[in-house]
Amino acid sequence: MELQIGNVSAIVLAKEYATPLYVYDKQIILQKIQELKEAFPHARICYAIKANSNLSILKLIAQQGLGADCSNRIEIELAEKAGFDLKKSIFTSVNPSDADLNKALSIGILMNLDDLSIFQRLKKLGLPKRISFRINPGFGAGKFSGIVCGGKDTKFGMSEERATEAYRLAKESGIEHFGIHMMTGSCVLDELYFEEITKAIQTIAENISKKIEIQFEYIDIGGGLGIPYEPFEKSLNLKNIAERIKRIYTSSALLMLEPGRFIVAESGTLLTTVTTIKDNFIGVDAGMTALIRPALYGAYHPILLANNPEADKTEKLTIVGPICESTDCFAKDRSLPKIKEGDILAIQITGAYGFAMASQFNGQPKPAEVLISNGFHSLIRKRETTEDLIKNESN
Ligand code: LLP
């Protein structure tokens, strides 16, 4: 039987919408949100918009009552358009512009600043009611070095000492409501790690509280919940993680989490058509411009022959796209069934940082996106055209 995505045939979808095509299964997104809510019933969960910012997906997530984690004014605008409750959301920027800060100030979102100097700049623009600072605890984790965002070699956050000064300055400026934040890495599958970062930020919060006599109302441990991409990887047990955190969490501050990948990654599949077969190279119509993770991080994504997913894997094949770069490769020497021209391949677990990181390089209009809901499919973003590539140019 052909691969089914939310009870719809992948082949039917590829025929109807053409390829390359991103397909998302709404049910999976809802299920992941439910898992998070059940594991962390008292926490505030803010979806990291950068993972997948299609407005239909954002609306779906906003409707479940989650807040948003926004990185800049554009993501704040997207959160507004999608109907997220911005009072329950957070703005965590890196190197923000004044325009970003002004936007965040104007809507009263919880501001989480990456450095003391940004607070000094912010003061000239206006004072928020609440402030949070991002801590770099000196360590981090993440599946690839490029997605570790804690530790002395990363650009993110501040040391405890510098943050203490930042909070002192904020208090002296008249701010009375405080949060504290840490985001040390993405795609972590080690359950103990989440306990470790919670312990670390809680200790730092206690130290700062004592030193400058402020109370924290929010403690945000960031995103980073991993999902298994590779056959040997296991899903996180969220309940175990929550239980461990509960055991060590003594603070009265509201615990916040900012998952991105965990909510959307597994809902997404990138469908692509085989155009060319040359020895063991299987050429497809999607490239690194549609999905850059394999080229950028060496990331593994499962690949299925959508027209016959159960077929025996008798071959060792290398799946490559149409881009003029040797990094344009989705899988090298992968065990796959025999493949022929015109077959449809399904590149799985591409709902997070897939379309969101797509580019138009090398004459590649971005793919279309489809959402499957209760067995029905609908186009949530149409395929770009040549016109989209040049529409902002003067000619
Ligand atoms: N909060 C902040 C401040 C972040 O920077 C991020 C992701 C998240 C939350 C969500 O993290 P998640 O739960 O998705 O791990 N492009 C990479 C991932 C980069 C993540 C950057 N920050 C990838 O394709 O794996």
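In this model, an oxygen atom of the ligand lies 2.9 Å from a polar backbone atom of Gly260, a polar contact in the sense of a pair of N or O atoms within 3.5 Å. The model is predicted, so to speak of local features a pLDDT of at least 70 is needed, side-chain atom pairs count only at pLDDT 80 or more, and totals for chains, interfaces and linings use all residues. Residues are numbered from 1 along each chain as its sequence is written, and side-chain values use heavy atoms, with hydrogens and water left out.

**Contacts with the ligand**
- Arg261 has a side-chain N or O atom 2.8 Å from an oxygen atom of the ligand.
- Tyr297 places a polar side-chain atom 2.8 Å from a nitrogen atom of the ligand.
- On its own the ligand has 580 Å² of accessible area, and the protein covers 91% of this (Shrake-Rupley method, 1.4 Å probe).

**The shell and the pocket**
- The ligand is surrounded by 19 residues, the closest being Ser186, Glu258, Arg261, Arg293 and Tyr353 (a heavy atom within 4 Å).
- This shell holds eight nonpolar, five polar and six charged residues; Tyr counts as nonpolar and Gly as polar, while Asp, Glu, Lys and Arg are the charged ones.
- Domain 1 (4-23 + 265-388) and domain 2 (27-262) each give at least three residues to the shell, with bounds from an automatic or database domain assignment.
- The largest pocket is where the ligand sits, with more than half of its atoms within 2 Å of the grid points.
- A pocket is an open set on a 1 Å grid over the protein atoms alone, with protein on both sides within 12 Å along at least five of seven lines.

**Cavities**
- Two cavities of 30 Å³ or more are counted; in a cavity a 1.4 Å probe fits but cannot get out, and lining residues have an atom within 4 Å of a point.
- The largest cavity holds about 40 Å³ of space, and its lining includes Phe40, Phe194, Ile221 and Leu257.

Technical notes: Polar contact = N/O pair within 3.5 Å; in protein donor to acceptor, adjacent residues only side chain to side chain. Points joined across faces, edges and corners; volume = space filled by probe spheres on them.
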